[in-house]
Amino acid sequence: MKTLTVCSYYGTGSSAVTDFIGEFSSVKSLTNYEFRFAHDPDGLSELEYNLVSNFNRHNSGHALKRYKAIVDYYSNHFMAPRYEAFFKGKWKEYSYEYINALTDFSYPGIWQFDFYDKGQWWEFWHKLPNRILHRLHIGDVETEKGLWGKELTLASNPGEEKFLNLTRQYTDKLLDFANDEKKSFLMVDQILPSTNIEHHMRYFSDIKAFVVDRDPRDLYLLTRYIYKTKVAPHDPELFCKWYEYARSTRKAENWNPEKICFIQFEDLIYKYDETTKKIMDFAGLDEKDHVNPKTIFKPEVSIKNTRLWKKFPEYEAEARLVAKLLPQYLYRMDDDKDW
């Protein structure tokens, strides 16, 4: 099984690639649900840093606890099924097995960041009895018999080779189980970040990535007037700073062309045949397996979210300012040569 994924900078249309690949009979697609556990805060990358690059008797065990918290967060929730639905109820089980495999030993113990994680009120109420007893000159509560005694300190120092081997075994097991139809390809959305991509590829046995970007003029107008989210700034000048900031490492990264493929979102619409062939060739998809063309990714629908300054001329001045500040990122066509 080969794993395919898309990497985005937020709102850049990466789901178009996910949708296109999902039209192939040889692909098991996990849809546009994002699987970010490798690169989110407290995810696999930070786990490697604390267990391998910056091993420390306190930080390493704490990092395992923080990864367990990520696992619990991404497990089932009464308001959202999250990962368990995609991994057929095995997400938490396999993740706990992975944490146990990385743990050399554990013992009843506690330190200040256990309090930090649980919050100030937890610390206040659990330290209160001893503070009262000290004031009364009575002595301490036997903490080993109380709630503090239930806390475990974890020890882990696997080294890079063992960490990567265990991590690949873990992700292989998860992804193989998610591909319950045993198809040749598994499409997983956002399992790699758009920065430091090859570092994160080390956590997977066989993976290829598409990095997708789009014209900043459209992204600005979508963010401010259509999506109306707060992920990116709504001020056009601040937006341009954010846009470059999010892509600041791209020039310095030397992507392996056999592993990482750049796709301009607009090309999927205005150069559909050429761009879809590029995707198929890179991924190793066979055109005969493209059994549902233009049923999930519909260029005639996506085109409505391009060149929005034409559709909303009242926002043209802002779009022109974005164009002025980010000329190197524009997707130019014949009708905007004066921009």
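**Exercise 1. The largest nonpolar core**

Which residues touch the most other members of the largest nonpolar core? Find them in this predicted model, then trace which helices and strands build the core.

*Solution.* 

Step 1. Start with the membership: the core holds 44 residues, and Phe-37, Leu-47, Tyr-67 and Trp-91 touch the most other members.

Step 2. Next, look at where the members come from. Helices H2 (44-53), H3 (59-74), H4 (83-86), H5 (91-102), H8 (159-178) and H9 (197-201) each supply at least two residues, and so do strands E5 (185-189) and E6 (207-213). The largest share, seven residues, comes from H8.

Step 3. Now zoom in on Tyr-67. Leaving aside residues up to four places away in sequence, Tyr-67 touches Phe-37, Leu-47 and Trp-91, and also Asp-42, Gly-43, Leu-44, Tyr-98, Ile-99 and Tyr-170.

Step 4. Finally, look beyond this core. Another core lies apart from it, with 24 residues that include Leu-4, Val-17, Cys-261 and Tyr-272.

**Exercise 2. The open sheet**

In what order do the five strands of the open sheet stand? Work out the order, then see what surrounds strand E1.

*Solution.* 

Step 1. Read across the sheet: the order is E2-E5-E1-E6-E7, with parallel pairing.

Step 2. Check the ends. Strands E2 (27-34) and E7 (260-264) are the edge strands, each pairing on one side only. On average, neighbouring strands are turned by 20° against each other, direction ignored.

Step 3. Turn to E1 (residues 2-7). Five bridges join E1 to E5, and the two run parallel; Thr-5 has Val-188 of E5 as its bridge partner. Five bridges also join E1 to E6, again running parallel, and here Leu-4 stands opposite Lys-208 in E6.

Step 4. Ask why E1 counts as largely enclosed by the rest of the structure. Five of its six residues are buried, so the strand is largely enclosed.

**Exercise 3. Pocket and cavity**

*Solution.* 

Step 1. Assign the lining to elements. H1 (14-21), E2, H2, H11 (236-246) and H14 (299-302) each supply at least two residues of the pocket lining. The largest share, four residues, comes from H1.

Step 2. Move on to the cavity. The structure holds one cavity of 30 Å³ or more, and the largest cavity has a volume of about 50 Å³.

Step 3. H3 and strand E4 (152-155) each supply at least two residues of the cavity lining, and the largest share, three residues, comes from H3.

Conventions. Residues are numbered from 1 along each chain as its sequence is written. This is a predicted model: local features need pLDDT of at least 70, side-chain atom pairs count only at pLDDT 80 or more; totals for chains, interfaces and linings use all residues. Side-chain values use heavy atoms; hydrogens and water are left out. A nonpolar core is a set of buried Ala, Val, Leu, Ile, Met, Phe, Trp, Tyr and Cys residues joined through side-chain atoms within 4.5 Å. Buried means under 20% relative accessible area, exposed over 50%, partly exposed in between (1.4 Å probe, protein chains only). Contact means heavy atoms within 4.5 Å. Two strands pair if DSSP finds at least two bridges between them. Axes are lines fitted to C-alpha atoms, for helices over the stretch in contact, and angles run from 0 to 180 degrees between N-to-C directions. On a 1 Å grid over the protein atoms alone, a cavity is a set of points where a 1.4 Å probe fits but cannot get out, and a pocket is an open set with protein on both sides within 12 Å along at least five of seven lines; lining residues have an atom within 4 Å of a point. Grid points are joined across faces, edges and corners, and a volume is the space filled by probe spheres set on the points.
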